[in-house]
Amino acid sequence: MQLTSDILRSFTVAKVFRENNDRVNSLSYSANGELLISSSDDDSIVVYDCQAGVQKNTQNSKKYGCDLVKYTHAANAVIHASTKVDDQIRYLSLHDMKYLRYFHGHTRRVVALDMSPVDDTFISASLDRTIRLWDLRSPSCQGLMSLSGRPVAAFDPEGLVFAAGIDSQHVKLYDLRSYDKGPFSTFPSVNRQPATTGEWQLLKFSPNGKQIVVTSAQGILMILDAFSGQALHTVRIAPPANTSGASGIRPSILIDATFTPDSQFLIVGAGDGRVHIINTQTGAILKQLEGPHATACRCVAFNPKYMMLASACSVMAFWIPDLLNPPAEQPTM
């Protein structure tokens with residue numbers, strides 16, 4: 001079945017999970033789309049069976065905390081960042097819930113973590129103003145870049161290039177094989193007003209490699225051309241409900257965004273708990289899905305193999321299309 005705007009607009013909540021006691025901070029699907037894993041500020045890591053729509057198992061990381069959980073290429077192993085004690089990255093076996101390896105190096109909180117789509121390499125970015133390259137088979141850092149500001153980073157879909165967002169203003173592209181020679185392309189002044197848009201929180205390539213999305217702490221989402229760096233669209237996402245600053249500045253919020261597998265749409269979590277569907281070609285908001293999130297929807301993930309969406313605050317929701325009750329026409333924004 002082809003994913004269309006009408007099908008996306010028909011998505012409805014099929015299952016709700018309320019096991020977490022604090023906000024969910026990251027989501028990741030296995031490569032085959034059969035499993036979803038979440039990490040939470042309550043220090044739990046939860047695995048869900050997407051086909052059965054049930055919680056499969058839970059691992060607590062009370063000592064080290066957990067954030068930015070990511071599946072490796074194996075469906076029984078993940079990596080995640082730590083939120084307590086130290087700033088190590090940890091490699092966890094889901095088979096026996098034991099840690100296989102620790103990755104030492106970062107001296108402040110890790111804010112971005114991404115697996116290579118082709119091998120066991122992964123990349124991390126930290127508030128210590130470094131980006132590090134790693135290999136799952138070795139605890140030693142394989143590459144280090146020291147930067148001038150807070151970075152975010154991600155691999156392209158081919159695993160040959162990675163992008164680094166620097167100081168919430170510039171995007172630089174590096175060849176993985178020769179990153180030490182510097183970027184082969186720099187997109188200067190992507191963000192000309194960093195003080196009003198806030199720090200960048202996320203950077204991702206579209207699955208077709210043609211676009212890059214960047215989100216900021218003040219609810220701004222930018223879609224860039226991945227080749228030229230041109231800002232194609234800028235979208236303002238809703239802030240948390242019933243909040244406003246005395247100065248009129250929008251309250252800071254971390255927002256998550258995920259491309260659909262065909263790269264045609266972006267799914268974005270909003271501060272008011274709604275899930276936004278954005279057309280990547282026009283930048284238009286096609287619909288705002290109403291779900292079970294009473295607080296900010298901080299995590300969203302679209303299944304790479306099945307027509308399914310997950311979103312989370314402290315509550316996890318699974319969404320599927322309602323093909324029997326298509327939505328009424330809704331004007332784009």
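Q: What kind of model is it?
A: A predicted one.

Q: OK. How many helices and strands does the chain have?
A: Two helices and 28 strands.

Q: And how much of the chain counts as buried?
A: 56% of the 333 residues.

Q: What about the accessible surface of the chain?
A: About 14,200 Å². Carbon and sulfur atoms account for 48% of that.

Q: What share of contacts join residues at least 24 apart?
A: 45%, counting contacts between residues at least 6 apart in sequence.

Q: Switching to rings. How many aromatic pairs does the structure hold?
A: 13 aromatic pairs. One of them is Y64 with Y102.

Q: Why is the pair of Y64 and Y102 called tilted?
A: The planes of Y64 and Y102 stand at 50 degrees, so the pair is tilted. Stacked needs under 30 degrees and edge-to-face needs over 60. The ring centres of Y64 and Y102 are 6.4 Å apart.

Q: Where do Y64 and Y102 sit in the chain?
A: Y64 is in the loop between β5 (54-60) and β6 (67-71). Y102 is in strand β9, residues 98-103. They are 38 residues apart, and the pair links distant parts of the chain.

Q: Is Y64 buried or exposed?
A: Buried, at 16% relative accessible area. The cut-off for buried is under 20%. Y102 has 31% relative accessibility, so Y102 counts as partly exposed.

Q: What lies over the face of Y64?
A: R90, at 3.4 Å from the ring centre. R90 also lies over the face of Y102, at 4.8 Å from that ring centre.

Q: Back to pairs. What is the geometry of F103 and W134?
A: F103 and W134 form an edge-to-face pair. Their centres are 5.7 Å apart, with 70 degrees between the planes.

Q: Which parts does the pair of F103 and W134 tie together?
A: F103 lies in strand β9 and W134 in strand β12 (residues 130-135), so the pair ties together parts that are 31 residues apart in sequence. F103 and W134 are both buried.

Q: New topic, D41. Where is its place?
A: D41 is in the loop between β3 (35-40) and β4 (44-49). D41 is partly exposed, with a relative accessible area of 32%.

Q: What does D41 touch?
A: D22, R23 and N25, leaving out residues up to four places away in sequence. The D41 side chain makes a polar contact with the side chain of R23, at 2.8 Å.

Q: How far apart are D41 and V24 in space?
A: 6.3 Å, C-alpha to C-alpha. In sequence D41 and V24 are 17 residues apart.

Q: Last one, S44. Which strand is S44 found in?
A: Strand β4. At 6% relative accessibility, S44 is buried.

Q: What polar contacts does the S44 side chain make?
A: The S44 side chain contacts the side chain of N20 at 3.0 Å. S44 also makes a polar contact with the side chain of D42, at 2.6 Å.

Q: And what else does S44 touch?
A: Beyond residues up to four places away in sequence, S44 touches N20, S38, S39, T58, Q59, N60 and C66.

Terms used: Residues numbered from 1 in each chain as written. Predicted model: local features only at pLDDT ≥ 70, side-chain atom pairs only at ≥ 80, totals over all residues. Heavy atoms only, no water. Helix = DSSP H or I, 4+ residues; strand = E, 2+ residues; numbered from the N terminus. Buried < 20%, exposed > 50% of the residue type's maximum accessible area, 1.4 Å probe, protein only. Contact = heavy atoms within 4.5 Å. Areas by Shrake-Rupley, 256 points an atom, 1.4 Å probe, with all protein chains shown as cover. Phe/Tyr/Trp six-rings, centres within 6.5 Å; stacked < 30°, edge-to-face > 60°. Lys NZ or Arg CZ within 6 Å of the ring centre and 35° of its normal. Polar contact = N/O pair within 3.5 Å; in protein donor to acceptor, adjacent residues only side chain to side chain.
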